[in-house]
Amino acid sequence: MLQERGGRWVVHGDPTEGALIVAARKAGLEAEVLNARLERIAEIPFSSERKLMSTVHNDTEQKERILAFTKGAPDVLLARCTHELVGDEIRSLTEERRAEILRRNEELAGEALRTLGVSFRVFPKKAMKQEDFDEDVEKDLVFLGLIGMIDPPRMEAKEAVARAMAAGVRPIMITGDHPKTATVIAAELGIPIHGEAVTGAELEKMPEDKLDRTVQEVSVYARVNPEHKLRIVKSLQRGGAIVAMTGDGVNDAPALKTADIGVAMGITGTDVSKEASDIVLADDNFATIVAAVEEGRAIFSNIRKFLRYLLSSNLGEVMIMFFGLLLADVIGLTEAGDNGLVLPLLATQILWINLISDGPPALALGVDPADPGIMKEPPRPREEGVITRSMWAGNLFTGAIMAVGTLLVLDASLPGGLIEGSGSLRYAQTMAFTTVVFFSLFVVFNARSDKQSAFIGMFSNKWLWGAVFLSILLQVMVVYIPFLQQAFSTVSLSPVDWLLCAAVASSVLWLRELSKIFVRAMEDKTKRDLT
């Protein structure tokens with residue numbers, strides 16, 4: 001259907017049908033006039049097997065006859081034609097003319113045009129009943145001509161294909177168009193072409209083992225029907241690929257349902273295809289799928305950052321409590337206590353760290369902007385979990401640094417132990433408490449990546465910096481406000497004490513930076529060895 005909006009005509013519905021209506025309007029044919037003369041009395045709907053569609057009409061100007069019009073794939077349609085219309089004369093369709101028409105069809109397809117053949121057939125009205133109108137109508141046709149139309153790729157489609165390929169996503173074109181049309185459009189979009197497009201007829205003859213090899217190399221398929229799409233999806237899955245399938249027709253439903261991710265077209269898609277899909281694409285735009293992949297990767301990355309931060313901080317606290325009790329005699333905790341058992345941190349202090357100091361930075365990581373190179377990384381393996389071995393290694397390393405640094409500060413604040421100090425138990429616990437908070441605030445920057453330096457994009461998340469300053473402010477309040485001192489068993493600290501806690505806590509940043517440099521160097525070496 002055509003609608004005028006703001007001085008421009010807009011097509012609603014199937015774009016091919018819209019193009020035909022536009023062509024008819026340009027030729028001076030009005031739908032109202034045609035409908036008034038040619039009353040539609042039957043329809044043989046399009047099927048991907050026949051690749052044809054026909055309508056049957058009464059002719060109000062010549063009431064003794066019935067007209068059938070058929071459109072479809074030119075090579076299929078031409079095989080059902082016995083005559084052609086030249087001017088007002090109907091002539092027999094010779095083999096030379098068939099070859100010429102097919103050659104012209106190839107030329108149009110080579111110009112990236114989608115081609116349709118159109119034909120008609122006349123029936124005596126008295127000889128036909130409505131129940132007789134079936135696929136038999138589509139034979140002994142009179143060929144009318146070829147229609148070439150172009151469905152140009154959107155401006156952003158080529159860039160989207162390039163971004164998808166850089167991200168390790170392999171775009172595959174599966175279309176019902178002519179192989180040459182598919183090949184030309186694929187080349188325009190930047191989809192790799194290995195030779196020519198594989199056709200549905202070729203897929204029909206392929207055994208499973210050959211098909212599995214073919215889908216690993218070929219990215220363009222033409223003149224296919226929905227059954228072929230389903231075979232391609234299953235073959236890709238057998239090869240270990242995670243398959244996202246787009247479709248809009250009723251017959252696409254099996255392939256959409258079988259794919260790991262079914263994506264239906266929101267504008268041109270049928271209700272059946274939408275029901276069978278996992279996602280409905282509101283704008284029918286491939287670039288939106290690529291944008292969704294990027295957004296999904298960013299969300300997953302932020303989930304990992306959140307987990308990396310909380311796990312490493314909590315592991316550090318567990319190690320502090322465990323080794324603080326285990327090494328109480330060594331670090332002077334036993335001497336400081338009245339009953340021989342003293343905790344490095346009090347329960348209220350641990351709760352403060354977990355709920356108040358760690359909370360705001362952890363939430364801020366959830367809105368961390370996507371890494372600039374996130375779409376240049378390969379997809380993660382299917383079997384890979386949210387927390388990987390490298391993440392566990394990094395978390396344990398971070399936790400160990402936190403434990404060693406905090407216990408050394410605790411030791412240095414108490415009489416006796418490895419490092420001689422002169423403070424009270426309450427002072428030493430306040431120093432350890434403050435050091436753990438600072439450790440957590442330095443760890444949050446390390447938590448943004450297991451490999452990338454914390455200094456890359458360090459100021460890109462304003463919420464993170466706001467959360468860090470908020471946590472520092474809250475810690476200052478706990479240390480200096482009298483009623484909070486009583487609640488959390490803290491004492492006031494001098495500026496030198498604050499600097500010492502911050503300096504020791506910063507060690508986690510520098511040591512993790514060194515470990516990341518080592519990891520990147522090992523990865524680069526592995527890549528060089530492979531090449």
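I will take the overall dimensions, then a pocket, then a handful of individual residues.

Before anything else, please keep in mind that this is a predicted model.

Start with the whole chain. The protein has 531 residues, and 44% of them count as buried. Its secondary structure comes to 22 helices and 15 strands. What is the radius of gyration of the protein, and what would a compact globule of 531 residues have? The protein has 36 Å, whereas the globule would be near 24 Å. Along the principal axes, the C-alpha atoms fill a box of roughly 115 × 50 × 35 Å. As for contacts with a separation of 6 or more, 64% of them join residues 24 or more positions apart.

Next, the cysteines. How many disulfides does a search of the whole structure find? The count is zero. Cys 81 has a relative accessible area of 1%, so it is buried. Cys 501 is at 0% relative accessibility and therefore counts as buried too.

Now the second largest pocket. The space in it is about 1,300 Å³. Seen from the elements, those that give two or more residues to its lining are α1 (15-26), α2 (31-37), β3 (38-47), β4 (52-59), β5 (65-72), β8 (114-124) and β9 (141-149). Which of these elements gives the most to the lining? That is α1, with six residues. In total, 24 residues line the second largest pocket, and those nearest its centre are Leu 20, Ala 24, Leu 29, Leu 34 and Phe 69. Sorted by class, the lining has 13 nonpolar residues, six charged and five polar.

That brings me to backbone angles. Most residues other than glycine have a negative phi. Two residues here are worth a look on that point. Lys 51 is not a glycine, yet its phi is positive, about 60 degrees. Lys 51 sits in the loop between β3 and β4. Is Lys 51 buried or exposed? The relative accessible area is 15%, under the 20% cut-off, so Lys 51 is buried. The other residue is Asp 140, also with a positive phi, near 55 degrees, and also something other than glycine. Asp 140 is found in the loop between β8 and β9. Its relative accessibility is 44%, so Asp 140 counts as partly exposed.

Gln 452 is in the loop between α18 (425-446) and α19 (462-480). At 30% relative accessibility, Gln 452 counts as partly exposed. Which residues is Gln 452 in contact with, leaving aside neighbours within four places in sequence? They are Asp 371, Lys 516 and Arg 520. The C-alpha atom of Gln 452 is also 8.5 Å from that of Ile 517, a residue 65 positions apart along the chain.

Gln 485 belongs to helix α20, residues 482-488. Its relative accessibility is 14%, so Gln 485 counts as buried. Not counting residues up to four places away in sequence, Gln 485 touches Arg 426, Val 478, Val 479, Tyr 480, Thr 490, Val 491 and Ser 492.

That is the end of my list, and I can go back to any of these residues on the screen.

Methods: Residues numbered from 1 in each chain as written. Predicted model: local features only at pLDDT ≥ 70, side-chain atom pairs only at ≥ 80, totals over all residues. Heavy atoms only, no water. Disulfide = S-S within 2.5 Å. Buried < 20%, exposed > 50% of the residue type's maximum accessible area, 1.4 Å probe, protein only. 1 Å grid on protein atoms, 1.4 Å probe; cavity = no way out; pocket = protein on both sides within 12 Å on 5 of 7 lines; lining within 4 Å. Points joined across faces, edges and corners; volume = space filled by probe spheres on them. Helix = DSSP H or I, 4+ residues; strand = E, 2+ residues; numbered from the N terminus. Nonpolar A, V, L, I, M, F, W, Y, C, P; charged D, E, K, R; others polar. Rg over C-alpha atoms; globule rule 2.2 N^0.38 Å. Contact = heavy atoms within 4.5 Å.
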